[in-house]
Amino acid sequence: RLSGEAGPEAVLGDSLTRLLRSADVVFGNMEGVLWDEDVPPSEECRDPKACYVFRSPESYARLLARAGFNVMALANNHSGDWGPEGREATMAALARHDIAYAGLDVFHARTATLTLDSGVTVGVAAFAPNRGTMNLNDLDAALRTVRSLAADNDVVLVSFHGGAEGSKYTALPKEEETFHGENRGDVYAFAHAVVDAGADVVIGHGPHVPRAVEVYENRFVAYSLGNFWTYGRFNLQGPNGLAPVVDLVLASDGSLRSARIRSARQEGRGGPKLDPTGGALALISELTATDLEAAGLVFEDDGTVRWPGSD
């Protein structure tokens, strides 16, 4: 646990912290709750080997804000680990530090809007197949949400927590995925549908390992960016420890101008640092060539992404 005046540099290092702080919009997925109350989780964990519940101190919202994060997805399978009270505490902690949030199926948390210094507005929606979140598998409702955001904002960012989990699931199947008996959605079809409805950036994170990326209709899609910042009893070997950061430049209408994959890696007990070996870039490049060959993407050594029609 970080305490006192420790800043994000203590975990992320100076270079990664500077990268995050340099952006107008810094998006992440908040997997778990921020709550100081010492109460049991909302559901009993029958098998500790396969069951996780996540809670962090409310003070970590300040740490996230100091790192540059200004919007968080709450649509995932751990945002409800401490029930409605934990979700409310999380939203309150984020709001105290001007971090917007989206993805819960309650009136004040379904979507978010950021207004940048330039006057450009960014609408954010997040979806998952889990109770209490905006439903990934109700495509008609998801498309209505995205169309509404597109009508009211210059740029739309959509997040999804879908797909099977773990190092065995780096491949993009382009079909509905089931994991532990749960319908985790057809994330390929979902991503294309929300772009067609007006989304400009689509970011996935459900598999907890990197997957392929794509430029579809001149809009950027990442089918999974894996885990970025964890701590504790996690397997960080192989793809599990890769923590890519996608650095995008968009036009004011949301069309993609440039894209770059910045490789980071978690080691030890967790917490990412920029990775000079480029492990995340290498894996994403390999997976994209295998799973989305027709997309025609080329990855430069520095992580720059080229796509058909790009400069």
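## A covered helix

In this predicted model, the buried residues of helix α5 are V187, F190, A191, H192, A193, V194, V195 and A197. The helix, which spans residues 187–197, is mostly covered, since eight of its eleven residues are buried. These buried residues pack against several elements, namely β7 (121–127), α4, β8 (155–160), β11 (201–204), β12 (213–216) and β13. Directly after α5 comes G198, whose phi is positive, near 130°.

## The contact with helix α4

Helix α4 (residues 139–152) packs against α5 at an angle of about 35°, and the two axes lie 8 Å apart. The crossing of this pair is right-handed. On the side of α4 the contact is made by L139, A142, L143, V146, R147 and A150, while α5 contributes F190, A193, V194 and A197. By type, the residues of this contact divide into nine nonpolar, no polar and one charged.

## R219 in strand β13

Strand β13 covers residues 219–222 and includes R219. With a relative accessible area of 17%, R219 is buried, because a residue counts as buried under 20%. Leaving aside its neighbours within four places in sequence, R219 is in contact with V195, A199, D200, E214, D253, G254 and S255. One of these, V195, also belongs to the buried residues of α5.

Most residues other than glycine have a negative phi. H208, although not a glycine, has a positive phi of about 65°, and E217, likewise a residue other than glycine, has a positive phi near 55°.

The surroundings of these two residues can be described in turn. H208 is placed in the loop between β11 and β12, and at 15% relative accessibility H208 counts as buried. E217 is placed in the loop between β12 and β13, and with a relative accessible area of 55% E217 is exposed.

## The second largest pocket

The second largest pocket holds about 180 Å³ of space. The pocket is lined by 13 residues, of which I261, S263, G278, D301 and D302 are the closest to its centre. Strand β15 (residues 256–262) supplies the largest share of the lining, with three residues. Sorted by type, the lining residues of this pocket comprise four nonpolar, four polar and five charged.

How values were computed. Residues are numbered from 1 along each chain as its sequence is written. This is a predicted model: local features need pLDDT of at least 70, side-chain atom pairs count only at pLDDT 80 or more; totals for chains, interfaces and linings use all residues. Side-chain values use heavy atoms; hydrogens and water are left out. On a 1 Å grid over the protein atoms alone, a cavity is a set of points where a 1.4 Å probe fits but cannot get out, and a pocket is an open set with protein on both sides within 12 Å along at least five of seven lines; lining residues have an atom within 4 Å of a point. Grid points are joined across faces, edges and corners, and a volume is the space filled by probe spheres set on the points. Helices (H or I, at least four residues) and strands (E, at least two) are DSSP runs, numbered from the N terminus. Ala, Val, Leu, Ile, Met, Phe, Trp, Tyr, Cys and Pro count as nonpolar, Asp, Glu, Lys and Arg as charged, and the others, Gly among them, as polar. Axes are lines fitted to C-alpha atoms, for helices over the stretch in contact, and angles run from 0 to 180 degrees between N-to-C directions. A crossing is left-handed if the near helix is turned anticlockwise from the far one by less than a right angle, and right-handed if clockwise. Contact means heavy atoms within 4.5 Å. Buried means under 20% relative accessible area, exposed over 50%, partly exposed in between (1.4 Å probe, protein chains only).
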